[in-house]
Amino acid sequence: MEKIVKLLHRKSCVVLTALCVLTFSTCRFPYTVKNARFKNEFSWVYAEKDFNFKNADKVQGTFTLPKNVKHKGLCFVAMFPATFRNNKWSAVIKMPYKLTLTWEGGSLKREEVEAKSDWFGLNVYFSEEEIGKLPVQQAITYTLEYEAGGYTELLDTAKLDKRTDLQDHPESYQGFYDAVLVVAERSTKKMP
């Protein structure tokens with residue numbers, strides 16, 4: 001009898017833990033992008049918007065943050081072609097931008113005239129104090145205004161510079177000016 005009680009106790013603990021994890025996760029699901037392309041890079045993706053950075057333009061959209069969002073892990077990133085994230089080629093992209101976030105009762109703005117990407121993308125940084133102002137369970141509108149972007153570095157796997165070839169033969173480089181603005185949350189486990 002004791003063995004049965006212990007076994008049932010262990011199983012109920014496992015079931016309760018699983019239910020708690022599922023409940024916590026489902027609180028975020030209504031706010032996340034279904035079939036997000038960047039779910040491997042981030043814990044939660046709240047918005048994705050495609051754009052082309054060859055010419056100046058702007059993109060807009062909205063997102064809503066769940067009640068249990070970790071503001072410290074929030075990030076706004078312009079992701080560039082998968083070619084570079086897969087470590088096949090390396091690139092640095094210069095794209096001046098202004099990102100504006102607005103909601104009922106407030107707004108945030110970040111502008112960079114010399115913005116350059118790293119291997120991951122172009123990160124738009126807000127201070128912890130600023131990002132903590134974003135409301136939860138309320139629509140937030142984002143507007144990314146950007147100048148024409150360009151490659152300051154474009155190296156293939158043999159480390160050959162391909163910028164001239166990109167200019168001379170753009171038909172061979174389909175999608176090289178495609179980007180995606182991602183509003184996401186990273187894990188904060190290793191953050192200070």
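Modeller: In this predicted model, the lining of the largest pocket divides by class into nine nonpolar, four polar and three charged residues.

Biologist: Which residues lie nearest the centre of that pocket, and which elements each supply at least two residues of its lining?

Modeller: Of the 16 lining residues, Lys72, Leu74, Cys75, Tyr125 and Phe126 lie nearest the centre. Strand E3 (74–79), strand E7 (122–124) and helix H3 (128–131) each supply at least two residues, with E3 giving the largest share, namely four. The space in this pocket comes to about 250 Å³.

Biologist: Why is Glu48 called buried?

Modeller: Its relative accessibility is 17%, and the label applies under 20%, so Glu48 counts as buried. Glu48 is placed in strand E1 (residues 44–52), and, leaving aside neighbours within four places in sequence, it is in contact with Val33, Ala36, Arg37, Phe38, Val180, Leu181 and Val182.

Biologist: And what makes Asp156 count as buried?

Modeller: The same cut-off of under 20% is used; Asp156 has 11% relative accessibility, and therefore counts as buried. Asp156 is found in the loop between strand E9 (150–155) and helix H4 (163–168), and its contacts, apart from neighbours within four places in sequence, are Lys88, Trp89 and Lys162.

Definitions and conventions
Residues numbered from 1 in each chain as written. Predicted model: local features only at pLDDT ≥ 70, side-chain atom pairs only at ≥ 80, totals over all residues. Heavy atoms only, no water. Buried < 20%, exposed > 50% of the residue type's maximum accessible area, 1.4 Å probe, protein only. Contact = heavy atoms within 4.5 Å. 1 Å grid on protein atoms, 1.4 Å probe; cavity = no way out; pocket = protein on both sides within 12 Å on 5 of 7 lines; lining within 4 Å. Points joined across faces, edges and corners; volume = space filled by probe spheres on them. Nonpolar A, V, L, I, M, F, W, Y, C, P; charged D, E, K, R; others polar.
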